[in-house]
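Subject: A structure for you to look at

Hi there,

Here is the structure I promised to pass on. Please open it alongside this email and follow along as you read.

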Amino acid sequence: MSPSPRRIGLTGSIGAGKSTLTRLLRQRGFTVLDADEQARLVTREPQTLRDIEAAFAGVVVGAELDRPALSARVFGHPEELAKLNAIVHPRVRARMAALEQAAVAAGAGTIFQDVPLLFEGGSHHLFDVVLLVDAPLEVRLERVLARDNLSREAALARDAAQMPAAKKRELADVVLDNGGDEAALAAQLDEILARLELKP
């Protein structure tokens with residue numbers, strides 16, 4: 001019987017570079033399960049859309065989720081965000097568990113899970129190691145504004161809805177500093193993979 005794979009949690013605040021790190025890991029042959037990707041798929045499911053529309057009337061238009069309208073309703077409003085998370089998160093967790101089972105069956109030596117709200121959801125204890133990718137706030141804001149077509153205020157509201165980056169640094173096992181370029185991040189990643197003896 002093959003040994004169980006190493007389970008690595010990957011997280012970071014908005015604009016920190018989780019997507020870049022995920023791409024670098026996949027280029028190195030690692031299995032990375034992306035919670036955001038699964039959340040996008042979940043929010044296309046008819047039952048999820050019905051449940052979201054029941055809680056936030058007017059955000060589903062023609063069987064499609066109006067994401068900007070929903071974002072405006074929940075970010076900056078903790079009770080509303082909690083209501084949305086209660087609908088979406090259990091379904092995302094179920095999808096992630098199924099994907100992990102498939103990766104185990106396929107013989108993966110290490111399974112990374114990219115979970116933006118890893119600490120906020122309290123699931124960091126379920127992993128062998130938690131990697132945090134971080135960058136200074138202004139660097140993160142610059143990336144988000146360039147990528148997501150958000151106002152600075154909207155980007156700050158999303159950042160404020162997450163646990164402060166300093167607290168995440170305290171809780172993480174390993175911190176990657178992504179304040180520089182991709183080459184610098186890749187070099188840190190390769191050093192960590194070697195130090196932790198992680199294999200695909």
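At what angle do helix H6 and helix H7 pack, and how far apart are their axes? Keep in mind that this is a predicted model. In it, H6 (residues 137–148) and H7 (residues 152–160) pack at about 120°, and their axes are 10 Å apart. Angles from 65 to 115 degrees count as roughly perpendicular and those over 145 as roughly antiparallel, so H6 and H7 are oblique to each other. The crossing of H6 past H7 is right-handed. On the H6 side, the contact is made by Leu 137, Glu 138, Arg 140, Leu 141, Val 144 and Leu 145, and on the H7 side by Arg 152, Ala 155, Leu 156 and Asp 159. Sorted by class, six of these residues are nonpolar, four are charged and none is polar.

Next, please find helix H5, which spans residues 78–105. Two helix pairs that I looked at involve H5.

From H2, the residues in contact are Ala 35, Gln 38, Ala 39, Leu 41 and Val 42; they meet Val 88, Arg 91, Val 92, Arg 95, Met 96 and Leu 99 of H5. That contact has eight nonpolar residues, two charged ones and one polar one.

The other partner is helix H4 (residues 67–74). The axes of H4 and H5 come within 7 Å and cross at roughly 130°, so this pair is oblique too. Here Leu 70, Arg 73 and Val 74 from H4 meet Glu 80, Leu 81 and Leu 84 from H5. Four residues of this contact are nonpolar and two are charged, with no polar ones.

Finally, step back to the domains. The domain assignment gives domain 1 as 1–30 + 108–199 and domain 2 as 43–98. Their C-alpha centres lie 24 Å apart. How many residues of each domain are in contact with the other? Six residues of domain 1 touch six residues of domain 2. An interface's size is often given as the accessible area lost when the parts come together. Between domain 1 and domain 2, about 460 Å² is buried, and 71% of that is on carbon and sulfur atoms.

Enjoy exploring, and write back with any questions!

Best wishes

Key. Residues numbered from 1 in each chain as written. Predicted model: local features only at pLDDT ≥ 70, side-chain atom pairs only at ≥ 80, totals over all residues. Heavy atoms only, no water. Axes fitted to C-alpha atoms, helices over the stretch in contact; angles between N-to-C directions. Helix = DSSP H or I, 4+ residues; strand = E, 2+ residues; numbered from the N terminus. Contact = heavy atoms within 4.5 Å. Nonpolar A, V, L, I, M, F, W, Y, C, P; charged D, E, K, R; others polar. Domains from an automatic or database assignment. Buried area = accessible area lost by both parts, 1.4 Å probe. Parallel < 35°, antiparallel > 145°, perpendicular 65-115°, else oblique. Left-handed = near helix turned anticlockwise from the far one by under 90°.
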